[in-house]
Amino acid sequence: MWNSQLRNFLSRWRAKSTVDARQNVDVRRALVESLYASPLSLALGAVAGSAVSVAVMRIVNDNIITGITVLICTIAVLRAFSAYYFKRNVQSGVTRGSRGWELAYEHGAWIYASLLGLLAFTALVRSENAIAHLLCVALATGYAGSISGRDAGRVHIAVGQVFLTLAPTAAGLMTVDNIGYRVLSVSVILMILGLAEISSATHRVVLEALNGKHQKSLLAAKFEKLARYDSLTGVENRMAMQMRIRDMFDESNGERDGLAVIWMDLDRFKEINDSLGHIVGDQLLVLVAEKISQALADRGTIARFGGDEFIILCRQTSRPDAAEIAKDILDYLAEPIEISGHHLTVSASIGIAVAPQDGHDRDEILQHADMALYHAKHGGRNRFSLFEWSMKERFHRIREIEAGLRKAIERGEFKMHYQPIFDIETGRVACCEALIRWHHPVLGDVSPGEFIPIAESISMIGPISEWVLGQACASAAQWPDDVRVAVNISPALLRAGDLPRTVIACLYSSGLKARRLELEVTESVFLEDNTQTSQILRELRRIGLRMALDDFGTGYSSLSYLRSYSFDTIKVDQSFLAGIDKSFEDRAIIRAVAHLARELNMDTVAEGIETHEQLRYAKDAGFTNLQGYLLNKPMSDDAILKLLERGDGAPPASMWSGMSSIPPINETAGALALRRDAS
């Protein structure tokens, strides 16, 4: 009965220990390490066990006890040595075969415990010497008591040792025909149960502590991952990338040879996000990160810098190698991607900077890679650019312009100039094109062709256009009633949608009649959003404004624009007039456009008249209006007002008398007067 209960008890605790230990490999490893935690205690126990065993052997002088003593001493030395060896391996960082070490300890412990129990049983049965009995029982109970706590990390080992040591001792005590021995036998049996419970309780405390420590480690690892990795794509995030590149430079004191920084930005990702939704956009970013990883093929480390921007760091990479990596990435991205039933073709712009030739510290190399990316995006997208030092000069100029634009209106740095457009029939000024001029306090004169695109990119085109409209309307209100003012409208302003309100406000504040304001738009506006563009243009027509199609013949020319929109004027790009003396095609196009506009009852303006030959040909082709430096250069507000006041009534007949020698329009009385004033 007692045997059965003990077996059930031992089996239950062994099963519980096994389940607990399986909770986590790290916890199990820690429990195994606790067995070998104190080689000194094993050594002291080995010395004590061996000494007592030798003493019993000498007292009893029995061959069986002698053999048991020899085995006890041998096993004790081996266990102490194995504990020392394991501890040294752990301290040196060697971690392997924890299950093997556990089995080794388990078998050694059970063999040692069995030998101590067998020694006590044999001494009690084969000897009547009370001192030998005392020594054996004291050794067995002392060992069991100490081992129940020491080996509680693996509770089945501790309980097994207690049972294998004390059960034979209790059995030996029971064989002695003495009431005291038999009472002690029962006490030893109860001691087995008590020590098993102590081992179990200690094991639970140790296990809870280890599990708590492990959970803290897991939580710390989780927070570290959240801090270092992008939650969407799983690649490193901006902070981790910056730390990595900083460490790379620190390792070599800023002279890292061949550290390539490849900065990538998806082209028109915002359009995909806005049209298909953020869920599709997020899935696209995940797939893009995977494609970049595939293209890299262990040649670098990828990080998501933010939004749709990724940065790749490549060690020991030359500029040609970095260019090859960028090309591979673009090739991988060129493959169509299917997301939620949408077939997407994605492209990217890439900037490359390689240390040390392109930068000697983290901030500089990142800045230069960003400059190269900017160059790639403005060079047509779906391409890569290697950093060149000339980009830095351009970058600083752009930043200077951006900063200046934000304060230019407030500081009164913008000025308006006006270039006359002459009526070819009357020779008089029919319209003046408003042209903005900017004198930057540091950079000097900056052309509109340079600062207008930058103003569009930083959302300053709205305030600037509103200022231009206001100034143009106020100036035109002082001119003769039959002279119009033409203002070029940026496509970005049309996309904003509040142009009609701005125009009405400017007309109201200046008192200018709507029919005297002509808005010039380029053909590119029709590629953005035909629905919105049509609506805004129709609203402007209802106000009473005139509409002009500027730079006709370049870029995206389509006759459907002339059919769909009621333009009052077509301005033919000056590039066609520049080539009339050499290009038959240019002459044919000019004649065709002039004839088409006449049939559609539209005015035409020949831009860029700079030679008498161009003037004669524009007149012969049938243009209704002329504009160019041969006639008049752009002039200030005061100068254009004087021209209009003095030249308004100039007789036109002399202008066209004798087609073989056409005098330029700026030789009329009004223009001559203006020339004298200007000189």
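Predicted model: local features only at pLDDT ≥ 70, side-chain atom pairs only at ≥ 80, totals over all residues.
Colleague: How many helices and strands does the chain have?

Modeller: There are 27 helices and 17 strands. Both are DSSP runs numbered from the N terminus: helices are H or I with at least four residues, strands are E with at least two.

Colleague: Why is Met174 called partly exposed?

Modeller: Buried means under 20% relative accessible area and exposed means over 50%, with partly exposed in between (1.4 Å probe, protein chains only). Met174 has 38%, so it is partly exposed. Its place is in helix H7 (residues 155-175). Across the chain, 48% of the 679 residues are buried.

Colleague: What makes the nonpolar surface patch?

Modeller: Met174, Val186, Leu190 and Leu193 make it, with an area of about 320 Å². Patch residues need over 30% relative accessible area and no salt bridge, and nonpolar side chains (Val, Leu, Ile, Met, Phe, Trp, Tyr) are joined within 5 Å, like charges within 9 Å. A salt bridge is a side-chain nitrogen of Lys or Arg within 4 Å of a carboxyl oxygen of Asp or Glu. Helix H8 (residues 179-228) gives the largest share, three residues.

Colleague: How do you know that E1 and E3 pair?

Modeller: Two strands pair if DSSP finds at least two bridges between them. Strand E1 (residues 259-266) and strand E3 (residues 309-314) have six bridges, so they pair, in the antiparallel sense. One of the bridges links Ala260 to Cys314 in E3.

Colleague: And what makes two bridges enough for E15 and E16?

Modeller: The rule asks for at least two, so the two bridges between E15 and strand E16 (residues 625-626) count as pairing. These two strands run parallel, and Val605 stands opposite Asn625 in E16.

Colleague: Why are E2 and E7 placed at the edges of their sheet?

Modeller: The open sheet has five strands in the order E2-E3-E1-E6-E7, with mixed pairing. Strand E2 (301-306) and strand E7 (384-386) each have a single partner strand, so one side of each is left without a neighbour in the sheet.

Terms used. Residues numbered from 1 in each chain as written. Heavy atoms only, no water. Areas by Shrake-Rupley, 256 points an atom, 1.4 Å probe, with all protein chains shown as cover.
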